[in-house]
Amino acid sequence: MASSIRPTLSLFNRSPRLSFSHFSTAVVPQSRSFGLKACRMLRKSGNSVRVMASGNVPSSLTDASQENLLEWVKQDKRRMLHVVYRVGDLDRTIKFYTECLGMKLLRKRDIPEEKYTNAFLGYGPEDSHFVIELTYNYGVEKYDIGTGFGHFGIAVDDITKTVELIRAKGGKISREPGPVKGGKTVIAFIEDPDGYKFELLERGPTPEPLCQVMLRVGDLNRSIEFYEKAFGMELLRTRDNPENKYTIAMLGYGPEDKTTVLELTYNYGVTEYDKGNAYAQIAIGTDDVYKTAEAIKLSTGKVTREPGPLPGINTKITACLDPDGWKTVFVDNIDFLKELE
């Protein structure tokens, strides 16, 4: 393709019963009010921005054993595995992602007894790359994306060529290439056939072109604290944009130019969002789903599926909601690799 996105392809079989879409029911927005502290609590320290603690940590976290558990989270071998969301026409979406975005169809499976089909797409094999898991439910042609989901990010070498290719294929360009407001990075925005937005970022060669998932949150300090403690993510940077009344925080398990990161956006004064029923969840690998679930409980998260093996295949998982109701599934690392074999 004209774009310089350079995907690789790895095909393998995995048990058809393991589908994280089984746990991707729509999340009902939660009516919680935690106060607006994010922007007032950002303090510059040298060239970095430090976010002050929100004060929502239970006093029980001072217990030595619980502190040891949260310390284990930081040492756990974690990686973002894939993101799950629903589409109304699987073939149409696969065509758009492969022809316009340069992804490869890694595998596809149909589960007729449960009336859905999955397709996995990305820029490299699932054992080393972050990929997309599309879910098509028989007979459902349209979903509500809501206002909470933001976009996915894709790094490209030449953003102008990529945008022109997408335009030539009939894709929708919602923002032409140009520098990001208040910065130097050249970006563009496009939309897929279901209305999911993708931010294109012009960068040099990267091992992880599918580089971002952006979600909106109602209290940035609260979310940062949760993802650091419960998920073991590192706060890579924050950026406040008072002119446009929003603040972002980038978190992940490695640098932005080499790994997929989570971008959290706080819009001034907005505490809740409609999550719709289209976006489902992110999956993350862990060495121990049982310890992971306990750490989530200690960090104001809600465990929606207690840790344990999936029936029939023994792959251990646990599922949870963050303070805003965004869902994540943690998958045992060894079990995940066995499934890929």
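Two strands are said to pair if DSSP finds at least two bridges between them. Strands themselves are DSSP runs of E with at least two residues, helices are runs of H or I with at least four, and both are numbered from the N terminus. With these terms in hand, strand 4 and strand 5 (residues 116–122) can be described as running antiparallel, joined by 7 bridges. In this pair, L105 stands opposite L121 of strand 5.

The model is predicted, so local features need pLDDT of at least 70 and side-chain atom pairs count only at pLDDT 80 or more, while totals for chains, interfaces and linings use all residues. Residues are numbered from 1 along each chain as its sequence is written, and side-chain values use heavy atoms, with hydrogens and water left out.

V83 lies in strand 3 (residues 79–86) and is buried, with a relative accessible area of 0%. Here buried means under 20% relative accessible area, exposed means over 50%, and partly exposed lies in between (1.4 Å probe, protein chains only). Not counting residues up to four places away in sequence, V83 touches F130, V131, I132, E133, F152, Y279, Q281 and I282, where contact means heavy atoms within 4.5 Å. The C-alpha atom of V83 is also separated by 6.2 Å from that of A283, although the two residues are 200 residues apart along the chain.

Strand 8 (residues 172–179) pairs with strand 9 in the antiparallel sense over 5 bridges, and P179 stands opposite V186 of strand 9. The hairpin of these two strands has 6 residues between them, with G182 taking a positive phi near 80°. Strand 9 (residues 186–191) is mostly covered, as 5 of its 6 residues are buried. Another 5 bridges join strand 9 to strand 10, again in antiparallel fashion. This second hairpin has 5 residues between its strands, and G195 in the turn has a positive phi of about 95°.

Strand 10 (residues 197–202) includes E199, where an unreviewed UniProt entry places the feature "active site". UniProt positions follow the numbering used here, feature names are shortened, and annotations may be inferred rather than shown by experiment. E199 is buried, with a relative accessible area of 8%, and is the bridge partner of F189. Leaving aside neighbours within four places in sequence, the residues in contact with E199 include H151, F152, Q212 and E263.

Finally, two helices meet. The axes of helix 1 (residues 64–75) and helix 5 (residues 289–298) come within 10 Å and cross at roughly 115°. Their contact involves Q66, L69, L70, W72 and V73 of helix 1 and K291, T292, E294, A295 and L298 of helix 5. These residues divide into 6 nonpolar, 2 polar and 2 charged, counting Ala, Val, Leu, Ile, Met, Phe, Trp, Tyr, Cys and Pro as nonpolar, Asp, Glu, Lys and Arg as charged, and the others, Gly among them, as polar.

Note on methods
Axes are lines fitted to C-alpha atoms, for helices over the stretch in contact, and angles run from 0 to 180 degrees between N-to-C directions.
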